[in-house]
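Here's a friendly walk through the model shown below. Have a look at it before reading on.

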Amino acid sequence: MRRLLGRGGLVVASVVVVVFSIFPVFVMVGTALDPAANAGGRGVIPSGISFEHFGRVLSETRFPDYLLNSLIVAVVTVVASGLLALFAAVAVARFRFSGRTKILMMILIVQMVPMEALVIPLFLQAKTLGLLNSLLGLSVVYIAFSLSFAIWTLRGFVAAVPVELEEAAYLDGASWWQMFWKVLFPLVAPGLVAVSVFSFILAWNEFIFALTFMADDDMYTAAVGLRTFFTRGGTDWGAVMAASSIITVPVMIFFVAVQSRLSSGLMSGATKG
């Protein structure tokens, strides 16, 4: 009896968690599809289904340009932070050098600093370097914030790879680069996927730095572009929810595209050489 009650409680708790998790998404998509989304007193259930708001966002606004800006920044951030973090993780996990412990401590300290606390210092530095109102400047900021988490995470993956696998590759005549790409890289690929997802979501959803660094409307990212639907005359809730729904699609596509690597890369390095 106690087991049944315990299982029943777990089922109820699971259902509640799922409902609370899905409900905001349901409201967002429902409002985006509701032709009467901007009417006063609308309910939670959409009065109908229409793609009018999506069509208006994609054809009558500059939101597609904002999506492209976000995509450029996110791709640059993922690629650059992933490569830099991977080489840095190999350095701190495999080599012994002066200041190694201090570097690891600095990485931890950087993770503790809130991004909001660095807006003004980084804004002034970007202004000095001429990187304001630039996708490159925004990408550099996101890369810097991604690196601390990425290095620390990948360090654990690199350290977990047995040194004997690398030594066996050397005995077979492999160079360091061959060992790195054919043995080590496939084994740490799941960690690289994890940090890539983190970097992509950070660059795709970040708002404060994108708003602060960009002066021209044509340089806005998608997160900042949502502001254009909030005007003094009111809020276009249909467009806001349609744009918000569109923003979530690339994140889902990216995660689905890379999640298979989490499992396929675990043992591939041990069988390839």
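Is Asn133 buried, partly exposed or exposed? Asn133 counts as partly exposed, because its relative accessibility is 23%. For these words, buried means under 20% relative accessible area, exposed means over 50%, and partly exposed is in between (1.4 Å probe, protein chains only).

## Before we go on

This is a predicted model, so to speak of local features takes a pLDDT of at least 70, side-chain atom pairs count only at pLDDT 80 or more, and totals for chains, interfaces and linings use all residues. Residues are numbered from 1 along each chain as its sequence is written, and side-chain values use heavy atoms, with hydrogens and water left out.

## The whole chain

The protein chain has 12 helices and 2 strands. Those are DSSP runs numbered from the N terminus: helices are H or I with at least four residues, and strands are E with at least two. Starting at the N terminus, the order is α-α-α-α-α-α-α-α-α-α-β-β-α-α. The radius of gyration is 23 Å, well over the 19 Å that the globule rule gives for 273 residues, so the chain is more spread out than a compact globule. That radius is taken over C-alpha atoms, and the rule is 2.2 Å times the number of residues to the power 0.38.

Along the principal axes, the C-alpha atoms fill a box of roughly 70 × 70 × 30 Å. Of the 273 residues, 38% count as buried. Take the contacts (heavy atoms within 4.5 Å) with a separation of 6 or more: 73% of them are between residues 24 or more positions apart.

## Where H4 meets H6

Helix H4 (residues 100-112) and helix H6 (residues 135-160) have axes that come within 8 Å and cross at roughly 130°. That makes H4 oblique to H6. Under 35 degrees would be roughly parallel, over 145 roughly antiparallel, 65 to 115 roughly perpendicular, and the rest is oblique. The axes are lines fitted to C-alpha atoms, for helices over the stretch in contact, and the angles run from 0 to 180 degrees between N-to-C directions.

On the H4 side, the residues in contact are Arg100, Leu104, Ile107, Leu108, Val110 and Gln111, and they meet Ser148, Phe149, Ile151, Trp152 and Arg155 of H6. These residues divide into 7 nonpolar, 2 polar and 2 charged. Here Ala, Val, Leu, Ile, Met, Phe, Trp, Tyr, Cys and Pro count as nonpolar, Asp, Glu, Lys and Arg as charged, and the others, Gly among them, as polar.

## Two loop residues

Back to Asn133, which sits in the loop between helix H5 (119-129) and H6. Phi of Asn133 is near 55°, a positive value in a residue other than glycine. Most residues other than glycine have a negative phi.

Pro114 is in the loop between H4 and H5, and counts as partly exposed at 46% relative accessibility. The C-alpha atoms of Pro114 and Phe145 are separated by 10.0 Å, though the two are 31 residues apart along the chain.

## Two residues of H3

Thr77 belongs to helix H3 (residues 63-94) and is buried, at 0% relative accessibility. Leaving aside neighbours within four places in sequence, Thr77 is in contact with Gly82, Ser139, Tyr142, Ile143, Ser146, Ser199 and Ala203.

Ala93 and Ala36 are 57 residues apart in sequence and 57 Å apart in space, C-alpha to C-alpha.
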